Amino acid sequence: MFDRVGALHREGRSVSDIVRQTGFDRRTIAKWIRADAFPLRNAAAPKTTSPRYFEEYLSRRWSEGCARGRRLFQEIKARGYTGSFSNLERLLGKWRNPKRKVVRPVLPAPGAPPVDPATGRLISPIVAAAL
């Protein structure tokens with residue numbers, strides 16, 4: 001889209017015309033016309049409420065073999081972490097399972113009672129007959 005805006009401007013189209021064609025805000029179009037390349041967005045620095053703030057320390061401890069969330073939580077808490085344990089666990093979960101395995105449902109054996117795949121509970125023969 002950035003390239004298209006540049007091309008429209010080089011054709012001599014006005015900012016208002018480009019805004020109508022693309023649907024972008026007037027300020028965005030004006031900024032893109034002034035720029036030589038697509039402006040990169042600056043990422044905000046992590047705060048002490050985010051485990052990413054302590055990622056270097058956590059990574060070092062992880063490589064040392066400490067993979068216990070509660071232990072790491074206490075360690076970064078002593079270093080100023082103000083976030084929750086669940087936020088830390090979310091980060092550690094990505095490290096524990098970099099590629100989540102797809103869990104395939106187990107098909108029932110022939111002649112086995114029918115099972116509801118959503119709940120894993122047995123379906124009564126009366127309900128199964130109605131399906």
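Modeller: Here are the labels, each set against its definition.

Modeller: This is a predicted model, where local features need pLDDT of at least 70, side-chain atom pairs count only at pLDDT 80 or more, and totals for chains, interfaces and linings use all residues. Residues are numbered from 1 along each chain as its sequence is written, and side-chain values use heavy atoms, with hydrogens and water left out.

Colleague: How many helices and strands are in the chain?

Modeller: Seven helices and zero strands. Both are DSSP runs numbered from the N terminus: helices are H or I with at least four residues, strands E with at least two.

Colleague: Why are H5 and H6 called oblique to each other?

Modeller: Helix H5 (residues 69-78) and helix H6 (residues 85-96) pack at an angle of about 125°. Angles under 35 degrees count as roughly parallel, over 145 as roughly antiparallel, 65 to 115 as roughly perpendicular and the rest as oblique. H5 and H6 are therefore oblique. Their axes, lines fitted to C-alpha atoms over the stretch in contact, with angles from 0 to 180 degrees between N-to-C directions, lie 10 Å apart.

Colleague: Which residues make the contact?

Modeller: From H5, Gly69, Arg70, Leu72, Phe73 and Ile76; from H6, Phe85, Leu88, Glu89, Leu92 and Arg96. Contact means heavy atoms within 4.5 Å.

Colleague: What share of the chain is buried?

Modeller: Of the 131 residues, 21% are buried, meaning under 20% relative accessible area with a 1.4 Å probe, protein chains only.

Colleague: And what share of the contacts with a separation of 6 or more joins residues 24 or more positions apart?

Modeller: That share is 36%.

Definitions and conventions: Buried < 20%, exposed > 50% of the residue type's maximum accessible area, 1.4 Å probe, protein only.
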